[in-house]
Amino acid sequence: MGAGILGLAVARRLTETRPDVTVTVLDKEDRVAAHQTGRNSGVAHAGLYYAPGSLKATLCRRGVGLLKEYCEDRNLPYEECGKVVVARDAAELAALDEIERRARANGVPGLRRLTGGELREIEPHAAGVAALHSPATAIVDFPAVARAFARDVADGGGEVRLGFEVVRLGRAGDRVAVASPGAELVFDRLVVCAGLQSDRVARLAGDSAGPAIVPFRGEYYRLAPSRTDLVRGLIYPVPDPRYPFLGVHFTRRVDGGVDVGPNAVLALAREGYRWRDVRPADLWETLRWPGFRRLAREHWRTGARELYGSAVKRAFVAAARRFVPELTAADVVPAPAGVRAQAVDADGSLVDDFRLGRVGPVTTVRNAPSPAATSALAIAEHVVARL
């Protein structure tokens, strides 16, 4: 269930390894990659940030290698433009040291520590006292990869069935019945890769209430075409270890454009890509989750800053200007937003690592944040092995 890059990767892996089974992918939308897969930054991560030994670390390193090979084999865009993680001042050097330690433990290739002067040799318009350079970090067209996965599923004898909104799950002996408003299908096994709806579908299967998905919208600007020379590759901040969000950064895309962002503001609907996208039922579900209330009490100041940056363009640009001082408000134009399915436990903690569940014949992917797109082929291996 789910025709994003992860659901399609799992289906593709099944058709490869189990030619004796029939594989069906279900999705309520009329196209694949409609939500997180089609609205992310397009970065193939090298594995810098993740705790060594975590699923994120191991599956990212395995997954990025598989993704590169797949793109080369299918003639899909895959450009190793490189990334710099920039320490703006001496206060961020200790955190940069920790990222370097993790990256080296994870086996990130080609990693190099830079002085401020060396940083400007790679990114002439960037400002900082030090940086880490990851030349293997790449950019990719994830929607194109997802469409290729869908073709692989079909070529392997499977079916991608779009416009199938799941409203009910039930047990049929040791099998599972999946119902939409107009049809019911019965399967031996069900794998839920439902992204923004993953907690709801997991509950339909009888899984636990938590973690719950809290939707955070990431808003972007894009450099005007005449100003894309300000950024050669990817310019990232040193992240705050308290949050899974990286903060505003610069991302070159495979079409030559450069995105600036994202911020992280609470979305008022699970698929709320604009402020006017409001679904009261979605919002109420978020507000009544005890984990969200605890999260909001602890981090309301950060939330207020993010809201201010969303409402006031000059504040958003000021956050980006800390890394590229030449940037002005006239240099950027609005770009499409995305929504991140952030899993939050009942105690208010943000779930950081991948998290899977199992209820009888149903396997649930309860949390698959970045770098899930990068790791999709490796996650698929991991999930299918558990089946």
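Tutor: In this predicted model, five of the six residues of strand β10 (residues 175-180) are buried, so the strand is largely enclosed by the rest of the structure. Buried means a relative accessible area under 20%, exposed means over 50%, and partly exposed lies in between, with a 1.4 Å probe and protein chains only. Strands are DSSP runs of E with at least two residues, helices are runs of H or I with at least four, and both are numbered from the N terminus. Residues are numbered from 1 along each chain as its sequence is written, and side-chain values use heavy atoms, with hydrogens and water left out. Because the model is predicted, local features need a pLDDT of at least 70 and side-chain atom pairs count only at pLDDT 80 or more, while totals for chains, interfaces and linings use all residues.

Consider next the partners of this strand. Two strands pair if DSSP finds at least two bridges between them. Strand β9 (residues 168-172) pairs with β10 in the antiparallel sense, over five bridges, and within this pairing L169 has V178 as its bridge partner. The hairpin of β9 and β10 has two residues between the strands, and G173 there takes a positive phi near 70 degrees. Strand β11 (residues 183-187) also pairs with β10 in the antiparallel sense over five bridges. Here S180 stands opposite A183 of β11, and a hairpin of two residues joins β10 to β11.

The protein contains 10 helices and 20 strands, and 55% of its 387 residues count as buried. Its C-alpha atoms fill a box of roughly 65 × 45 × 40 Å along the principal axes. The radius of gyration is taken over C-alpha atoms, and the globule rule is 2.2 Å times the number of residues to the power 0.38. For 387 residues a compact globule would have a value near 21 Å, and the protein agrees with 21 Å. Contact means heavy atoms within 4.5 Å. Among contacts between residues at least 6 apart in sequence, 71% join residues at least 24 apart.

What lies in the interior? A nonpolar core is a set of buried Ala, Val, Leu, Ile, Met, Phe, Trp, Tyr and Cys residues joined through side-chain atoms within 4.5 Å. The largest such core has 44 residues, of which I5, L8, V10, Y78, V145 and F149 touch the most other members. The elements giving two or more residues to this core are α1 (5-17), α2, β7 (138-140), α5 and α10 (372-386). The largest share, nine residues, comes from α10. Apart from this core lies another one, of 24 residues, among them I122, L223, V260 and F316.

Not counting residues up to four places away in sequence, F149 touches I5, L8, A9, R12, Y70 and L377. F149 is buried at 1% relative accessibility, and Y70 is buried too, at 6%.

Rings of Phe, Tyr and Trp (its six-membered ring) pair if their centres lie within 6.5 Å; planes under 30 degrees apart count as stacked, over 60 as edge-to-face and the rest as tilted. The structure holds three aromatic pairs. One of them is Y49 with Y50, edge-to-face at 6.2 Å centre to centre and 70 degrees between the planes; both residues are buried. Y70 and F149 form another edge-to-face pair, 5.0 Å centre to centre with 70 degrees between the planes. This pair links distant parts of the chain, with Y70 in helix α2 (residues 55-74) and F149 in helix α5 (residues 142-155), 79 residues apart.

Finally, two loop residues may be set side by side. S41, in the loop between β1 (24-27) and β2 (43-44), is buried at 15% relative accessibility. Leaving aside its neighbours within four places in sequence, S41 is in contact with Y220, Y236, T251 and R253. T328, in the loop between α9 (313-321) and β18 (332-344), is partly exposed at 34%. Leaving aside its neighbours within four places in sequence, T328 is in contact with V317 and R321.
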